[in-house]
Amino acid sequence: MPTQTTRSPATTSPVAAQAVAPQRLRNFIAGEPVDGVRGFDKTNPVDGSLLAVVHEAGAEQVDRAVAAARAALEGPWGRMSVADRARLLRRVADVIDRRAEELIAAEVGDTGKPETLARDLDVARASANFRAAADTVSAAGLDSYLTEMPDGRRALNYAVRKPLGVVAVIVPWNLPLLLLTWKLAPALAAGNAVVVKPSEETPSSATLLAEILVEAGVPAGVVNVVHGFGADSAGELLTSHPGIDGVTFTGESSTGSAIMRAVAPRVRPVSFELGGKNAAVVFADADLDAAVAGLARSSYLNTGQVCLCTERIYVERAIFDDVAAGLAEQARRLRLGRPEDPATTTGPLISQAHRDKVLAHLALAQEEGATVLAGGGIPALGGELDAGSWIEPTLWTGLENSHRTMREEIFGPVTSLVPFDTEEEAIALANDTEYGLAAVTWTSDLARGHRVAQRMRVGMSWVNTWYLRDLRSPFGGVGLSGVGREGGRHSLDFYTEPTNVCVQL
Ligand code: NAD
Ligand code: 6OD
C-alpha cells in the first residue's frame, strides 16, 4: 500500500486549494511563519482524509532557523535570569492549559488517538513538563568544593552552568507534544535556543506550540520550528548543520545512528531516547487481575505506539493459561473507533506505511509458528474508517526469543506470551535483547520484586505498575535504546556546559 505522505509543490498542491485554516502549516522562524520549498500532505489516520499541507523546510530555511536561534542567544534571552526564565516557563504552562482544547484537537487530528488519551496524557504532560522544568532549574545549585592541598594552599572551586547553545530538537510522532515539551522545557530552562523538527507525521501541535510560546512571552528566535522529513530533508539538514551545539533526539535506533554520524565530524553532544523491545515478567505469586490489566495497558496503550510498551511477556508456567485467557479477553474488549467517542479506547496506527510494517510482522509471526490468541489482522470497522490505518490488538503464543518477531521492535498493539519455570530463566529471557529501555515485574513478593527489577538490563524497571512517572527520575535506555538520561537534573546536565572556576584563597 503506498504511503499517504507525499511531497508536492507548496503553492500548487491540488489539495492546498481545498485546505481551510489551520490546514496550511508553515515553518516558524524568528517569530514569523515562513514558507518552505515544497509542500507535503498530512492525512488523518482515522479515515485517510487530508488534514494539512505542510511547508517542508529546505537548506535556506534551516540556515535561517539556526541563525535566528543564535541571534536570540546573543540578545536579551541570553541575559535573562534563572528566576525570570522559570517565571516564563510557568506562564507557558498556564497558556498551554488555557489553550488545551486546541492542542488536543491538533494532536487528535494528526494521530487519531482517542481524545480522552490526548487530554489526560499528552496535553496534561505538556504543561506539567514546563512546570517541572521551572522547578528543577529554580532548585539547581552549583557544584562547589573547598579544596585543601597538602602544601597548605586552599581554593574555592565552583562550576557555573552555561547553556549548551543552539540545540536541535528532533521528535517522533507517537506522543508528539509530550515528547517535544519533555525536551523543550528543560532546554529553555537552561537558557538554550532551539530549532525543533517535529515528525512529518505530526506537524500540528508543534506549530501551535510555537504560537503559544510567543503568546506567553518567549522572545522571537528562541524557539524555531522547521518541518520536513529526516534523511535528505529538514532533519538531516539540521543535524549536519555547523551552527548547532547539540542534538536531542527521540525516535528509532537506526535514526539515532544516522544522527550520530551526522554530528561526528563536529563532535557535538547527543541525547538519544530510542527504540525498545520491552519485557514483562509475571510470577505465579502476582495479583492476577492487576497483572492482566497492567499487561493490557502496557501492551496496547496508544495502539502500542509508546516506546515503553511491552512486546514480550514471560509468564510462570503455573499461571500461563490464566494470563493468556485474561489478556486475550482484554485485547478483544478494546474499543476501536472515532477519537471523539468517549467509549473509544484505541485509535489507528499513525499511517498506512506504519500499518504495512506492522502487517509484515504479523505475517512473519505466522511464518515463525505463532498461535494467534486475539486479533491478528485488519478490523472491519465499516464506512469511512475503512480508509484509515486500523489494526487489531493482537496477542500471540508459540514464539521463542530466537524468532525475529521476538527481537525486532514492532511498535504496534502486538505482544507475545512465553512460559518460564525459574526466576533465573525469566531474568535471562527478559535480558536477551539488544535493546534496554523498560521492563515490568509482576509479583506479590516484595523482595523478589526488588531483586528482579534491579537485574533487568534496562533504564527503567517497574514493579507491579507501568508508566507511572516522577518527572525528576532518570528516563532513558541502555544498548540500542539510547544514550544519556532525561528528567529533572539529568536533563539540565545535558542542556548545560559547566565552566569550573577555581579561586585560590
Ligand atoms: P524516526 O526515527 O523514524 O523519526 C523520528 C524523527 O527523526 C522524525 O522527526 C524524523 O523526521 C526524524 N528523522 C528521521 N531520519 C532522520 C535523519 N536521518 N536525520 C535527522 N532526523 C531524522 O522515529 P518515528 O518512526 O517517528 O518514531 C518511532 C520510533 O521512536 C520507535 O522506534 C520508538 O521506539 C521510538 N521512540 C522512542 C522513545 C524513547 O523515549 N526511547 C520515545 C518515543 C519513540
Ligand atoms: O513520559 C515521558 O517523559 C516519556 N519520555 C515518555 C516516552 C514515551 C515513548 O514513547
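User: Which residues surround ligand 2?

Analyst: A residue is near a molecule if one of its heavy atoms lies within 4 Å of it. By that rule, ligand 2 is surrounded by Arg125, Asn174, Leu175, Leu178, Leu179, Trp182, Val306, Cys307, Tyr467, Arg469 and Phe475.

User: What kind of model is this?

Analyst: Residues are numbered from 1 along each chain as its sequence is written, chains are lettered from A and ligands numbered from 1 in the order in which they are written, and side-chain values use heavy atoms, leaving out hydrogens and water. Local features need pLDDT of at least 70 and side-chain atom pairs count only at pLDDT 80 or more, whereas totals for chains, interfaces and linings use all residues, since this is a predicted model.

User: How do the residues of the shell around ligand 2 divide by type?

Analyst: Ala, Val, Leu, Ile, Met, Phe, Trp, Tyr, Cys and Pro count as nonpolar, Asp, Glu, Lys and Arg as charged, and the others, Gly among them, as polar. The shell therefore divides into 8 nonpolar, 1 polar and 2 charged.

User: Which helix gives the most to the shell around ligand 2?

Analyst: Helices are DSSP runs (H or I, at least four residues), as are strands (E, at least two), numbered from the N terminus. With 3 residues, the greatest contribution to the shell comes from helix H6 (residues 176-189).

User: How much of the area that ligand 2 exposes when taken alone does the protein bury?

Analyst: A polar side-chain atom of Arg125 lies 2.7 Å from an oxygen atom of ligand 2, and a backbone N or O atom of Cys307 lies 2.8 Å from an oxygen atom of the ligand. Accessible areas come from the Shrake-Rupley method with a 1.4 Å probe. Ligand 2 alone exposes 300 Å², and the share buried by the protein is 98%.

User: How far apart in space are Gly228 and Phe40, C-alpha to C-alpha?

Analyst: Gly228 lies in the loop between strand E11 (223-225) and helix H8 (234-239). Contact means heavy atoms within 4.5 Å, and Phe40 is among the residues that Gly228 touches. The two are 188 residues apart in sequence, but their C-alpha separation is 8.2 Å.

Conventions:
A polar contact is a pair of N or O atoms within 3.5 Å; within protein, one must be able to donate a hydrogen and the other to accept it, and residues adjacent in sequence count only if both atoms are side-chain atoms. Lists of a residue's contacts leave out its neighbours within four places in sequence.
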